[in-house]
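Dear colleague,

Please find below the structure that I am handing over to you. My notes on what was found in it follow directly after.

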Amino acid sequence: MEESSFTGLPTSNLLGSVPAVIVEGDNTTKHVVPDANMQIFPPTTNGGGDRGRGGYQTLGSPTEAFEQQPTNNWRGFFSVSSYSQYFDVDTDAVMTRLISSFNPVGGDFFSKIDANPDLYGLIWISTTLVFVLAALGNLATFLMQKHADSGTSWSFDVSYMNTAAWSIYGYAIVVPVAYYFFLQYMGSNASLVRFWCMWGYSLSIFIISSFLLIIPVEILRWIITLLTGVASASFVALNLRSYIEGNDLSLSIIAAFFLQIGLAVFIKQNWLVFVDLL
């Protein structure tokens, strides 16, 4: 009796009452979650002007991150931190690439460095070659001066270091850059980092040949120079051909071959002209 009297009361006037919800249909909005994508935190900005636009970086390969930088982002281009990823290479990888550079007919160097091209070889191989050439050049002048006049004091000639630095560094940096822009102009998908990596490792054979040129037989020096030049030139030309396969750029491959030959002759003629007493 009491229960029926309570149910008959008008519920709309009761304090705190909640009207019943009538479900007319399935109006639930479905939210589709996009594919998960790992990102780098903290978000980066380009000069403070892009804070509201895509501030996170998507993880990718080092080469893609380098080559996809905006063309007008010169601050990142000249930043040392932008290139630190290209020195993140272990000893086994460096040794494998060094051994590959001594195989002039392999033609598979780009496939070995495709996942992680490095600039370690470019810097350290070029620097080692610069110091070797400067040291051997000064050794030649020292022995020649002692043979001519043993009483005269000898002093280190820093000009050998300067000449070796601008010639070796200039060649190892400028030639790949020139080929990069040329192939880009010709419509080929060139990679500057990969070119720097290949040309850097191509100089490793000149370090060994520099010591062999101490042998005091001129004809033997020329044989060593030509063999070294042909080996290094073949390494560059065959790998360059495999990289731009499908494009009719044979003239550029021939030019790269003779550039390496010219470098071998240039090294021999400018530093390693030793007298027979050596």
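**An enclosed helix**

Helix H8 (residues 192-202) is largely enclosed by the rest of the structure, because eleven of its eleven residues are buried. Buried here means under 20% relative accessible area, exposed means over 50%, and partly exposed lies in between (1.4 Å probe, protein chains only). Helices (H or I, at least four residues) and strands (E, at least two) are DSSP runs, numbered from the N terminus.

**Basis of the model**

This is a predicted model, in which local features need pLDDT of at least 70 and side-chain atom pairs count only at pLDDT 80 or more, whereas totals for chains, interfaces and linings use all residues. Residues are numbered from 1 along each chain as its sequence is written, and side-chain values use heavy atoms, with hydrogens and water left out.

**Overall architecture**

The protein has eleven helices and two strands. Along the sequence their order is α-β-β-α-α-α-α-α-α-α-α-α-α. Of the 278 residues, 34% are buried. Among contacts (heavy atoms within 4.5 Å) with a separation of 6 or more, 70% are between residues 24 or more positions apart. The protein exposes about 17,500 Å², of which carbon and sulfur atoms supply 62%; accessible areas come from the Shrake-Rupley method with a 1.4 Å probe, and for residues only the protein chains shown count as cover.

**Salt bridges**

A search of the whole structure finds four salt bridges, each defined as a side-chain nitrogen of Lys or Arg within 4 Å of a carboxyl oxygen of Asp or Glu. One of them joins Asp 118 to Arg 97, with the closest N and O atoms 2.2 Å apart. Asp 118 lies in the loop between helix H5 (109-113) and helix H6 (120-148), while Arg 97 belongs to helix H4 (residues 91-101), so the pair ties together parts that are 21 residues apart in sequence. Both Asp 118 and Arg 97 are buried.

Glu 218 takes part in a salt bridge with Arg 221, at 2.9 Å from N to O. The two residues are three apart in helix H10 (residues 218-243), and are therefore separated by about one helical turn. In general, an α-helix has 3.6 residues a turn, so residues three or four places apart point the same way. Glu 218 is partly exposed, with a relative accessible area of 35%, whereas Arg 221 counts as buried at 2%.

Glu 218 also forms a salt bridge with Lys 268, where the closest N and O atoms are 2.4 Å apart. This pair links distant parts of the chain, since Glu 218 is in helix H10 and Lys 268 is in helix H11 (residues 250-270), 50 residues apart. Lys 268 is buried, with a relative accessible area of 1%. Through shared partners, salt bridges join Glu 218, Arg 221 and Lys 268 into one network.

**Aromatic pairs**

The structure holds ten aromatic pairs. Rings of Phe, Tyr and Trp (its six-membered ring) pair if their centres lie within 6.5 Å; planes under 30 degrees apart count as stacked, over 60 as edge-to-face and the rest as tilted. Phe 109 and Phe 235 form an edge-to-face pair, 5.3 Å centre to centre and with 75° between the planes. Phe 109 sits in helix H5 and Phe 235 in helix H10, so that the pair links distant parts of the chain, 126 residues apart. Both Phe 109 and Phe 235 are buried.

**A nonpolar surface patch**

Nine residues, Phe 102, Ile 208, Leu 212, Ile 215, Val 217, Ile 219, Leu 220, Ile 223 and Leu 227, form a nonpolar patch on the surface, with about 770 Å² of accessible area together. Patches are made of residues with over 30% relative accessible area and no salt bridge; like charges are joined within 9 Å, and nonpolar side chains (Val, Leu, Ile, Met, Phe, Trp, Tyr) within 5 Å. Helix H9 (204-212) and H10 are the elements that give two or more residues to the nonpolar patch, and H10 gives the most, with four. Ile 219 is located in helix H10 and counts as exposed, at 58% relative accessibility.

Ser 167 is in helix H7 (residues 159-185) and counts as buried, at 8% relative accessibility. The side chain of Ser 167 reaches the backbone oxygen of Thr 163 at 2.7 Å.

With kind regards

Definitions and conventions. Polar contact = N/O pair within 3.5 Å; in protein donor to acceptor, adjacent residues only side chain to side chain.
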